[in-house]
Amino acid sequence: MSEKAKSGLTRRQMVGMMGAAGAGLAVAPALAGGTPAAAAPLAQAPVAAKDPKLEALKQEAIRAVEKRAKLVQEIVDSLFSFSELGFQEFQTKRYLISILRKNGFAIQEGISGIPTAWLATWGSGGPVIAMGSDIDGIPRSSQKPGVIGRDPLVEPMGLDHAPGHGEGHNSGMAAVVAGAIVLKELMQRNNIKGRLKVWPGVAEELLGSKAYYVRDGYFDDVDVTLFSHVSSGLTTDWGAASGNGLLSIEYTFKGSPGHGASPHLGRSALDAVQLMTAGMEYRREHLPIQQRTHFIIPYGGDQPNVIPEIAKVWYYLREDTADEILALRALAEKIAKAAAEMTDTQLVDMRVLGAASPQHFNRPVAEAAAANMTLVGMPNWSEDDHTYARAVQEAAGSTPRGLSTEVGGLSGPIPNQYRQGGGSDDIGDISWKVPTITIRFPANIPGGGPSHTWWQALSMATPIAHKGTTTCAKVYATTVLDLLLRPELVRDAKAYFEAEQAGRYKPLIGPNDKPSIHLNKERMELWRPRLEKVYYNPARYATYLDQLGIAYPGGRQR
């Protein structure tokens, strides 16, 4: 007899009721219609008696993180000023590993064949807790912080702008590093066993590293992973996350060259690219609503009077499940081959440039983190912080409501019938390897303009980012203490993982795929000398705003 027949519940329902050591959260009532934008928040269930020693250690950790608020600020501001794109985060790498090495962490550089990737470890025994966040920036999003409106850190060159932190990836690793240092000191003083593994999300905007970390075994000994991402609220979730998984593929066509005035003597690879994109656009109407396909043409030839012998088109193929992503890949390949046949050219390469599995987060660990979010609370925003946020919101055309003041807490899965797709993050691959959650923390401004643009850089080296990131470090520290001192939490996390995810990971990269470390190389070689002139100097200036002479919250340069 099946478990469902014996109990009247499915295995998923039984695991969902387990909670985390008696501190579970009850699922919100089913939605009665309409299409929700996100999963419904979950109500707090009664909690078991707390361990006084653990609670005292958590308070000690919170105070210790607060004492390192200056370190958090310096890391946030420094990484903001480096403004490095994916796979080219060399200054970011040198800066972060120097801090960790000085604090007793062993450093392994160049993991998975990625020059800017590294792994920092400390401790002995178990459990093994991995802590990570992304570090790369966004093209063309160079922006001075603390101002209102577009004002690049470095002067544009013609129509081209320097890169910047247009998604706020300068903040998460500050929380990870500060939290890890505090945890190491607490573990030493209190003889707490366990190992910490700190790692960066290299080239997340290209979905370029985490699937390779998993494939190459860097999470084989990890018990639980805590990831973080910048947001405008303090939240976490469990189950199938919103958004999609993704495959990033570059299709290369080869024709035959000739004079543009004698086109009958050649075959244009660019024609094949155009036909592929047309075919994908016509097919889009007949694809599921949650899919996303978008592309650029990175190379289309040399000049109009030379028939393009080589042309390339780069696609992001997003879908809701691994099987659906692979089906979308097969469709794109079919259309690419048809385009080559129609133009009498060759499809010579289909190179995987990146991948991200759909995300699925661990319920017991998410519940523990949500409880710690309530314990830590939201940052103590000043009136200046709210004033600046309202000014940015008004400039962005949003309601000027200021910053979030309530902990968002925990959300559950979005029902399948309401899933409509969206963004991707390669933390998904790690989430299918070990129990994983994402801590979203309030370093940005709600309604502060579109993501992946300079708008999202406005707050990212201001007191808003400093305070929000410090809050994230506190959630890291308190949640890791739960994992180190409550073995039942790790057991519950693994039980959930075994019931919901074990054996179901379908990697989207193959054994011979390699990280695309060539990407952004020329662009950063162009911009780095200009950016070096505006690197933050914490030895001379209290904050990056001070160095730039920007009055906060007025947004004026002094």
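Which residues in H10 meet which residues in H14? I kept in mind throughout that this is a predicted model. Looking up the contact, I found that Arg-363, Pro-364, Val-365 and Ala-368 of H10 meet Leu-489, Asp-492, Ala-493 and Tyr-496 of H14. Sorted by class, this contact of H10 with H14 has six nonpolar and two charged residues, and no polar ones.

I then looked up the geometry of the pair, and noted that helix H10 (residues 363-376) packs against helix H14 (residues 487-500) at an angle of about 135°, their axes lying 7 Å apart.

Next I turned to helix H3 (residues 52-67) and helix H6 (residues 172-189), whose axes come within 10 Å and cross at roughly 135°. That makes H3 oblique to H6 as well, and I noted that the crossing is right-handed. On the H3 side I listed Leu-57, Glu-60, Ala-61, Ala-64 and Val-65, which meet Val-182, Leu-186 and Arg-189 in H6. By class, the contact of H3 with H6 has six nonpolar, no polar and two charged residues.

Last I looked up the nonpolar cores, and found that the largest has 129 residues, with Leu-96, Val-198 and Trp-199 making the most contacts inside it. H6 gives the largest share of this core, 12 residues. Leaving aside residues up to four places away in sequence, Leu-96 touches Ile-75, Leu-79, Trp-118, Ile-135, Met-173 and Val-177. Apart from this core I recorded another, of 29 residues, including Tyr-315, Ile-325, Leu-331 and Ala-332.

Technical notes
Residues numbered from 1 in each chain as written. Predicted model: local features only at pLDDT ≥ 70, side-chain atom pairs only at ≥ 80, totals over all residues. Heavy atoms only, no water. Axes fitted to C-alpha atoms, helices over the stretch in contact; angles between N-to-C directions. Helix = DSSP H or I, 4+ residues; strand = E, 2+ residues; numbered from the N terminus. Parallel < 35°, antiparallel > 145°, perpendicular 65-115°, else oblique. Left-handed = near helix turned anticlockwise from the far one by under 90°. Contact = heavy atoms within 4.5 Å. Nonpolar A, V, L, I, M, F, W, Y, C, P; charged D, E, K, R; others polar. Core = buried A, V, L, I, M, F, W, Y, C linked by side-chain atoms within 4.5 Å. Buried < 20%, exposed > 50% of the residue type's maximum accessible area, 1.4 Å probe, protein only.
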